[in-house]
Amino acid sequence: MCVICFVKALVHVFKIYLTANYTYNFRGWPVDFRWDDPHAAGGGGSGHRALTCAAAAAGVWLLQGAALGEDTRERPPRATRSQVQCLLQQIRELPGQLASYVLAHSLGRWLVYPGSMALMTRALLPLLQQGQARLVERYQGRRAKLVACDGNEIDTMFMDRRQQLGSHGRGLHLVICCEGNAGFYEMGCLSAPLEAGYSVLGWNHPGFGASTGAPFPQHDANAMDVVVQYALHRLHFPPARVVVYGWSIGGFTATWATMTHPDLGALVLDATFDDLVPLALKVMPHSWKGLVVRTVREHFNLNVAEQLCCYPGPVLLLRRTLDDVISTSGALRPLPPGNVQGNRGNELLLRLLQHRYPAVMAREGRTAVTRWLRAGSLAQEAALYARYRVDDEWCLALLRSYRSSCEEQLDDQEAWGPHGLAFPWLVGQGLSTRRRRQLALFLARRHLKNVEATHCSPLEPQDFELPWAL
């Protein structure tokens, strides 16, 4: 009996030692995968654009121009402006640029990414250790160090469920989880898909936990790139079975991944906003408006909606009906139950549907979807859906007929996208106002799901599901 107790105690001590090594000796670990790994660089397909690009060593690209809110129509061509005018313009903008830089690299970074503060990491260290031990012991998690193209070391944890398929073969799908601005994979959003039976890959933003660097958008994108490459080339998941899941500010890296790797299987966005500027203006003094807008656009341009519209695959938006963090309704105070009008996820859905189905989302369709988005409960949502008498079977038949007719007209199958017929679709032209409203509501309900929860509440496993696909 004493021998058994001794062995159990020894195993417990070993687990504690192993977990401690995860935290304190991670920087001394050998590198498991690099962004320029020969196995990754030797592959083909659109997902390898960042690896083969000549500018990859300086960082993979982000959306610029219109995504930054610039008005390029009124700006004269650079060649027509004299050198003196350019110099004077640069001198005028210098004080604003310096103020914006200082704000971004001090208070701004802590507000946008509080999880990168060393004080928070130290305070959460016991919880992070417990979370790591749980993932290793209960789910046989495998930790790995990845090196991004900017040199940052990214801390990841992989839970393989391919040998435990579960219902509907969920274990064959890999869910890459992108945490929020104060989230860590040790105790973050990966719990929902993990408990639902999916294979899961979690990672920490640069500057979070054991990951090195600072969580600016370019560094985040570089980290996401190496995580995706690791999933495809080292873990050997087919792109079609990779699902990217972004919670809160993690929607930026999630949409960036699916934008640059359009062959990935699906995208799920949970409690995510369309643009950071409205939320930044909500928490900062009104007198700082000009500086805040400039700082966000130049240093924290988290243009989620812009990137979302570049992905051609299945998308599901999870809107939390008690979310007061990404809402611009009123001042900083708890929202009354069901007040979802200011939720920035509404704009995210409208932008997505307008891009994919412009004919359906004409004036009548947009008005109907806007009314539907005001429903703060499942009962209100169902009542509005019934009032418009939406016929789901008719909507499905119309969409499938349109897709089939378009694909028959395309002789070159290579012109199709990785998910079939590319967007935008012109379906809905010539429909009556009533039919257009019905089709718009049908599409809205298939792309957005309401969840009765606050912003930071853990998502229940049954609420995590794969997006609808036609």
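## Helix 13 and its surroundings

In this predicted model, the buried residues of helix 13 pack against strand 8 (315-320), helix 12 (344-356), helix 14 (378-387), helix 16 (433-447) and strand 9 (448-451), where contact means heavy atoms within 4.5 Å. Helix 13 itself spans residues 363-373, and Glu364, Gly365, Ala368, Val369, Trp372 and Leu373 are its buried residues; buried stands for under 20% relative accessible area, exposed for over 50% and partly exposed for what lies in between, with a 1.4 Å probe and protein chains only. Helices (H or I, at least four residues) and strands (E, at least two) are DSSP runs numbered from the N terminus.

Residues are numbered from 1 along each chain as its sequence is written. Because the model is predicted, local features need pLDDT of at least 70 and side-chain atom pairs count only at pLDDT 80 or more, while totals for chains, interfaces and linings use all residues, and side-chain values use heavy atoms, with hydrogens and water left out.

## Helix 14

In helix 14 the buried residues are Glu381, Leu384 and Tyr385. They lie on the same side of helix 14, because they cover an arc of only 100 degrees around the axis, an arc taken from the directions from the helix axis to the C-beta atoms. The face turned away from this buried side carries the exposed residues Ala379, Ala386 and Arg387.

The cover over the buried residues of helix 14 includes helix 13, helix 15 (392-409), helix 16 and strand 9. Just after helix 14, Arg389 takes a positive phi of about 55 degrees.

## Two partners of helix 16

Helix 12 and helix 16 pack at an angle of about 125 degrees, with their axes 11 Å apart; axes are lines fitted to C-alpha atoms, for helices over the stretch in contact, and angles run from 0 to 180 degrees between N-to-C directions. Helix 12 is therefore oblique to helix 16, on a scale where angles under 35 degrees count as roughly parallel, over 145 as roughly antiparallel, 65 to 115 as roughly perpendicular and the rest as oblique. In this contact, Leu349, Leu352, Leu353 and Arg356 of helix 12 meet Leu443, Ala444 and His447 of helix 16. These residues divide into five nonpolar, one polar and one charged, with Ala, Val, Leu, Ile, Met, Phe, Trp, Tyr, Cys and Pro counted as nonpolar, Asp, Glu, Lys and Arg as charged, and the others, Gly among them, as polar.

The axes of helix 15 and helix 16 come within 10 Å and cross at roughly 90 degrees, so helix 15 is roughly perpendicular to helix 16. Here Asp392, Trp394, Cys395, Leu396, Leu398 and Leu399 of helix 15 meet Arg435, Gln438, Leu439, Phe442, Leu443 and Arg446 of helix 16. By class, this contact has eight nonpolar, one polar and three charged residues.

## Two buried residues

Leu317 lies in strand 8 and counts as buried because its relative accessibility is 4%. Leaving aside neighbours within four places in sequence, Leu317 is in contact with Leu269, Gly345, Leu348, Leu349, His447, Leu448 and Lys449. Leu317 and Pro467 are 150 residues apart in sequence and 8.5 Å apart in space, C-alpha to C-alpha.

Thr121, found in helix 5 (residues 118-139), counts as buried because its relative accessibility is 15%. With neighbours within four places in sequence again left aside, Thr121 is in contact with Gly115, Leu128, Phe184 and Gly209.

## The whole protein

The protein has 16 helices and nine strands, and of its 470 residues, 51% count as buried. Among the contacts with a separation of 6 or more, residues 24 or more positions apart account for 75%.
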